[in-house]
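Hi,

Here is the structure I promised to pass on. Have a look first, and my notes follow below.

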Amino acid sequence: MPAMTTTASTPTEADDGKDKTLPGTIGFLGTGNMAEALIKGMLTAGLVKPEQIWGSDPRQSRCQQLKQQYGINMTTHNIDVVRRASIIMLSVKPQVLLGVMDEVAAYLKPKSLCVSVAAGVPLQVLESHLPKGTRVVRVMPNTPALVGAGATAIAAGSTATEDDLKLTQQIFGAVGFTVVLEEDQLDAVTGLSGSGPAYMFLVIEALSDAGVKVGLSRYNALALAAHTVLGSAKLLLETGQHPGHLKDMVTSPGGTAIAGLHTLEAGGLRTTLINAVEAATRRSRELGELAIANAEKRRLASQDK
Ligand SMILES: NC(=O)c1ccc[n+]([C@@H]2O[C@H](COP(=O)([O-])OP(=O)(O)OC[C@H]3O[C@@H](n4cnc5c(N)ncnc54)[C@H](OP(=O)(O)O)[C@@H]3O)[C@@H](O)[C@H]2O)c1
């Protein structure tokens, strides 16, 4: 298996002397956790200068905080952002997203690109709330983006271009790994990498409980468990070796690892994980269908007014 490469940028890459600054202004509608992760990542990677970023948030205190911390422009008015930005990141919660889009749609700059990070809101719904022909890209990031180690899938809307996809990859590459897929695969992404951090935290917590059971302190057990998961993923990505091969490397005849592995197989760990990803994928699909039905209801209600 070839070594897996990622598009992750690091602070060192930002210092390599090349100017990789993106042109234009990037606007964030909603500047919570995900937006802050992206802002921090893009600034660290040297993709944008603080003055190129505009963000909106309803809370003045949050605006003040981000302005002070990153030197970016902040406002409590969404329209101020879309009037200026050529790339608009839709980074509010899914339940408020359509309201925000209806609020700003008429003020979008011609040719601006909209990038939605909202979980479960399909491109069809996003496009129906924007002026005809607006280029839209939908992404599904995950929470490790908050520490620059995210995994993000990117899907193009009906009029988005190759350049839009490249630009989106550059932006999300600043906070981790990116991959471009068709939208119909985003439910599977949500089931795997989108929901995956929750599975991994459960695994780490369970391993740390196990460590305590066999006599380690809670602190040591948790740290050892987390570093084992982190290090194993790093070893796999950096060597490009198949996980089965790396497992075999730890497993000596009659040894400890094979005794543990036998117990995991007997407990159905593989099947349980496959079932978990399948269930989460199914749920993501259901939520997407609900979002389409709700958008249609909203459209019909607004026609009746
Ligand atoms: N966090 C993740 O790792 C993750 C992963 C995948 C996808 N996402 C997606 O990313 C989006 C943002 O998630 P998040 O975790 O960053 O949520 P968050 O921390 O709650 O951020 C949302 C921000 O939007 C603000 N807001 C609320 N109403 C607004 C409005 N009308 N106009 C402008 N801003 C408004 C909120 O302000 P208040 O706090 O004052 O309400 C908050 O600061 C969601 O759609 C989510 O599905 C997040």
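Domain bounds here come from an automatic or database domain assignment. On that basis the chain has domain 1 (11–182) and domain 2 (196–267), and their centres, taken over C-alpha atoms, are 36 Å apart.

Two things on reading this: it is a predicted model, where local features need pLDDT of at least 70, side-chain atom pairs count only at pLDDT 80 or more, and totals for chains, interfaces and linings use all residues. Residues are numbered from 1 along each chain as its sequence is written.

Now the sheet. Helices (H or I, at least four residues) and strands (E, at least two) are DSSP runs, numbered from the N terminus, and two strands pair if DSSP finds at least two bridges between them. Eight strands make an open, mixed sheet in the order 3-2-1-4-5-6-7-8. Its edges are strand 3 (73–75) and strand 8 (176–180), each pairing on one side only.

Further in, strand 1 (residues 26–29) runs parallel to strand 4 (residues 87–90), with four bridges between them. There, leucine 29 sits opposite leucine 90 of strand 4.

Leucine 29 is worth a click. Its contacts (C-beta atoms, placed from the backbone, within 7 Å) beyond four places in sequence include Ser56, Asn78, Ile88 and Val104.

What else turns up around there?

Cheers

How values were computed:
Contact = placed C-beta atoms within 7 Å.
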